[in-house]
Amino acid sequence: MREDVQALDIRDVTANWVNAAVLEAQIEDRIKALADLSHTPLFFGRLDYQHLVGAALAEGAAGERFYIGRRHVHDAEGDPMVIDWRAPVSQPFYRASRKDPHDVGLRRRFGYTGGELTAYEDEHLTDPAEHEQTSRLLQAEIERPRVGPMRDIVATIQPEQDEIVRSGLGGTVCVQGGPGTGKTAVGLHRVAYLLYAHRERLAKTGTLVIGPNRSFLHYIEQVLPALGELEVKQATVDDLVGHVEVRGVDPAAAAVVKGDARMAEVLRRAVRSHVTIPAEPVMVVRGSRRWRVPAYELEEIVRELLDRDIRYGAARDALPQRIAHAVLVRMEQSGEAPDDRVQDAVARNPAVKAAVKAAWPPVDPAKLVLRLLSDAGFLAAHADGVLSAQEQKTILWDRPARGVRSAKWSLADAVLIDEATDLVQRTHSLGHVVLDEAQDLSPMQYRAVGRRCTTGSATVLGDLAQGTTPWATASWDEALIHLGKPDAAVEELTAGFRVPREVIAYASRLLPHMSPGLAEVTSVRESPGSLSVREVTDLDAAVVAACEEALRHEGSIGLIAADARIPSLAAALTAACHAYLAPGEETTAESRLTLVPASLAKGLEYDYVVLDEPSAVVSGEPDGRTGLRRLYVALTRAVSGLVVVHGRALPVELG
């Protein structure tokens, strides 16, 4: 298929050089999409239907056979050899069961090692003599060592995951999923499915995956290209609101207030405060004639625009046209016949422009936020009845900056500027946005993301138990209101496929103390001996020894520790001649050990995890609940085994 595309001759089919350039770019994209992935097989399953697909179920009618793969593959004649996993005919591969076989007589799974076919497994869904059992190939695929970036789960999608993946583009879906339930993979595969089912629409409007940090985005960046989707953009929330250079850090109390949804009302008031009701008439001179618009009529125009509550910039653009229209009405009353060109000329008249500048001056969003955070009087005027006096004092800068460039903006400040920018000029909306690790966002950050999909839909992924910011989400209902999607469906994934049962049960001891009422994840993986808890006297030496023990196994190893412990452990590893990677750096067969600060562990996974001093992870956070949640995240990063090494007493919540 790739060679066919490379052989295309477009010299005689393009009208001009522009068409030729566009077509060449499309051909290059097609060639990239058809690239061979050496360790990724073209097909992973087979469906034998009992009857022709789409035909009436006639007695004795012959069935059809389809091979299922990551992308569509056809032969030289154009006949399909492999069916895309997203096609409707492929759906029974994920949904069919003995209770509801979907007219499938046989489902076959293929097993691969390094891209080479090594096994297959059959399920005869309509054979009453065959009993249902857990697929060994499915289990082996889930447990396959994790070296390198995150891989797709297209061969192992479960029925409850598939329902979310194939839900329609029109609605927003929120997925609450504990560690190892596959929520991130579900979100990425949903993007791939939507691009397949609504390609034209999303090609025009765009799609975006939002992650918590660059390390996480680097970890997941190969999933969609492996499924043939190359055009999806990735960003962090910080990237979205990058209107200013961030050089400062807020105290937790200030960040909580700045991230509160009430700040949106403070900003709205501050923006609208720039409007002044006209007190003087406008006199427009055209040739020998003068046209006067009285102050009371100008006041009516301005108040009408204020009442419509449209964007500040849009209203400012409309104001000169409204004044010009009032002039044209007077022209027509005097017997003239002005057209649109005359109205545009009047709108550009110096008198009209001066009146607009006086009544509705331009607003610079960054300067507005700078004044709010620097000028106590200005903040008090617009936060009255919204923020308390103490809250206002909390967010005011001790040393006001002289200008936008010299200010030490924080991440929360950048979000406020983004809100103010949207009040002035509407933010461009995309067709679909995937928001991962959403539980850590503030209400104002949710609003920033929501602005990017006002006319589109979203897939929101997260786990309330893993919220580790002081402003972490309390409930999905509240979060979805801030996102602007209050009617979104909330789905819960409780079956764990990554973390061994022994490990998730140990970590779940923390749930009643940090997220009471949240459902515990039930792991489908039995892995005796996957958990080891060791009390030691020489902590650094014991941690290095545990890493050496883990390195004897196949796969990736993550050494997770409180941020304050990282320098000490780095020195201990270096002294023991062990090279290590930082989060986001790709693991290879030669470099498999990553030293991970607990603050960056979220969303990552390793075959074996060594966790250093749990009590230090808890005490490294500003409050106990956040500390326990950070520990919960660290405890649930392992796929095959977890070793907990501690010199001090374990947190009492772990029992």
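## Strand pairing and a helix residue in a predicted model

Strand β2 (residues 65–69) pairs with strand β4 (residues 80–84) in the parallel sense over 2 bridges, and I68 stands opposite I83 in β4. This is a predicted model in which local features need pLDDT of at least 70 and side-chain atom pairs count only at pLDDT 80 or more, while totals for chains, interfaces and linings use all residues. Residues are numbered from 1 along each chain as its sequence is written, and side-chain values use heavy atoms, with hydrogens and water left out.

Strands (E, at least two residues) and helices (H or I, at least four) are DSSP runs numbered from the N terminus; two strands pair if DSSP finds at least two bridges between them. An open sheet of 6 strands has the order β3-β4-β2-β1-β5-β6, with mixed pairing. β3 (73–74) and β6 (116–124) each have a single partner strand, so one side of each lacks a neighbour in the sheet.

| Strands | Bridges | Opposite residues |
|---|---|---|
| β2 and β4 | 2 bridges | I68 and I83 |
| β18 and β19 | 5 bridges | L559 and L595 |

In strand β19 (residues 593–597), 5 of 5 residues are buried (under 20% relative accessible area, 1.4 Å probe, protein chains only; exposed is over 50%, partly exposed in between). L593, L595 and P597 point one way from β19, and T594 and V596 the other way.

L423 lies in helix α20 (residues 411–424). Leaving aside neighbours within four places in sequence, L423 is in contact with L267, R268, V271, R311 and Y312, contact meaning heavy atoms within 4.5 Å.
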